[in-house]
Amino acid sequence: MRPAHALINLQSLRHNYRLARQLSGSRALAVIKANGYGHDAVECARALEDEADAFAVACIEEALVLREAGIRLPILLLEGWFEASELPLIAEHQLWVVVHHQAQLQDLLAARLRAPLHVWLKLDSGMHRVGFGPDDYAPAWRQLQGCSQVASLTRMTHFSRADEPETGRTEEQLEVFQRATEGLTGPRSLCNSAGVLAWPPAHGDWVRPGIMLYGATPFEFDQVNASQLRPVMNLESRIIAVRDLPVGEPIGYGSRFVTQRPTRMGVVAMGYADGYPRHAPDGTPVLVDGKRTQLAGRVSMDMLTVDLTDLPGSGLGSQVRLWGDGLNASEVASHAGTIAYQLFCNLNRVPRRFISSDSAT
């Protein structure tokens, strides 16, 4: 079989969740939207079910996959619902919901459900995607507080630049949140992964770790707490061909890379159809047999090429790691001008293999 695969270490996932709990001292929603950031949401949920406080996904479709797999913990719908007709199904499956605009508020006030819902009311404190504005937040909160369809209310916002602590933007958003929610009761939830790792004053009652669960850092600099994360995914393949080329030979589509010395080139069974970024430049780091080398030439649909000249012990059949242990996905993403979130979420075609403790499936 084609050797490309993603090895998912569920013990590392548990380690990263525990770190979020330890750093914050708060309850933690494990964010497993987008199929667990490409890691397989069901397997991630099963690995965390005995210790997670709750899960979070984007929408009801993602939640129902988890419910059908037998996941019974609370699941928060981060985008709430899109049609009022979803509300009975949300109540049936005991899902939690984010309410972030006036139409959703009116849907819920008018609903007649089999059971009241746990509601997270979102404030737009400066991200300017979704959420009630500061002047509208308290009136919405009071309407929901008096609604028989609401079991509990959590105050919620989202930081836009928590991964850039020097900008002052997070302090501004914190101040907006405090003003807009003054006098309102109920738990608070403000922090994504960057907030968990770098903003202790904002931890509140619930944190929402996402990318940190999967072992990638949200920061573009070394950060002491992020250094404790463990990569969950090893994206791996093997060398399937070797070429010895003289000086001046072009490699791959578009002849982007031309050899500057006698070069030993390895071909890897991995390409953009698998989710490896096509726009990754020459010099993007790769591990071959655990040793660093680099991409040389444009990434193809099913293959890419790496320089083996300085790795005389490696060749046909050698193991290749595109990211994971020893090569954090955030570093690869930086070379490719993107973020680890996109690398994980774009992963396609390659089978996932799972390790928990000493067993693999």
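Modeller: D40 lies in the loop between α2 and α3 (41–48). The model is predicted.

Biologist: What is the relative accessibility of D40, and in which class does it count?

Modeller: Phi of D40 is near 90°, a positive value in a residue other than glycine. Buried means under 20% relative accessible area and exposed means over 50%, with partly exposed in between. D40 has 23% relative accessibility and therefore counts as partly exposed.

Biologist: In which loop does S255 lie, and is S255 buried, exposed or partly exposed?

Modeller: S255 is not a glycine, although its phi is positive at about 50°. The loop that holds S255 is the one between β11 and β12 (257–258). Its relative accessibility is 39%, so S255 counts as partly exposed.

Biologist: Which strands form the closed barrel?

Modeller: The barrel is closed, has eight strands and shows parallel pairing. Within the pairing, strand β6 (residues 117–122) and strand β7 (residues 150–156) are joined in the parallel sense over six bridges. The order of the barrel is β2-β3-β4-β5-β6-β7-β8-β9.

Biologist: At what angle to β5 does helix α6 run?

Modeller: Helix α6 covers residues 102–110 and lies across β5 (96–99), β6 and β7. Relative to β5, the helix runs at about 135°.

Biologist: How much space lies in the largest pocket, and which residues lie nearest its centre?

Modeller: The largest pocket holds about 1,200 Å³ of space. Its lining has 23 nonpolar, 14 polar and eleven charged residues. Helices α2 (33–37), α9 (193–198), α10 (329–335) and α11 (340–345) each supply at least two residues of this lining. Of the 48 lining residues, those nearest the centre are N192, I211, P218, I339 and Y341.

Biologist: Which element gives the most to the lining of the second largest pocket?

Modeller: The second largest pocket has a volume of about 300 Å³, and 17 residues line it, of which I251, G252, V267, M303 and T305 lie nearest its centre. Two or more lining residues come from each of β10 (233–245), β11 (250–251), β13 (263–268) and β16 (304–307). By class, the lining has ten nonpolar, three polar and four charged residues. The element that gives the most, with three residues, is β10.

Biologist: How many charged residues are in the lining of the largest cavity?

Modeller: The structure holds two cavities of 30 Å³ or more, and the largest has a volume of about 40 Å³. Its lining consists of Y214, G215, A216, P231, V232, M233, W323, G324, N328, A329 and F344. By class, these residues divide into eight nonpolar and three polar, and the number of charged residues is none.

Biologist: How many charged residues are in the lining of the second largest cavity?

Modeller: The second largest cavity has a volume of about 30 Å³. The residues that line it are K122, L123, D124, S125, M127, R129, V130 and H158. Three of the lining residues are nonpolar and two are polar, while the number of charged residues is three.

Definitions and conventions:
Residues are numbered from 1 along each chain as its sequence is written. This is a predicted model: local features need pLDDT of at least 70, side-chain atom pairs count only at pLDDT 80 or more; totals for chains, interfaces and linings use all residues. Side-chain values use heavy atoms; hydrogens and water are left out. On a 1 Å grid over the protein atoms alone, a cavity is a set of points where a 1.4 Å probe fits but cannot get out, and a pocket is an open set with protein on both sides within 12 Å along at least five of seven lines; lining residues have an atom within 4 Å of a point. Grid points are joined across faces, edges and corners, and a volume is the space filled by probe spheres set on the points. Ala, Val, Leu, Ile, Met, Phe, Trp, Tyr, Cys and Pro count as nonpolar, Asp, Glu, Lys and Arg as charged, and the others, Gly among them, as polar. Two strands pair if DSSP finds at least two bridges between them. Helices (H or I, at least four residues) and strands (E, at least two) are DSSP runs, numbered from the N terminus. Contact means heavy atoms within 4.5 Å. Axes are lines fitted to C-alpha atoms, for helices over the stretch in contact, and angles run from 0 to 180 degrees between N-to-C directions. Buried means under 20% relative accessible area, exposed over 50%, partly exposed in between (1.4 Å probe, protein chains only).
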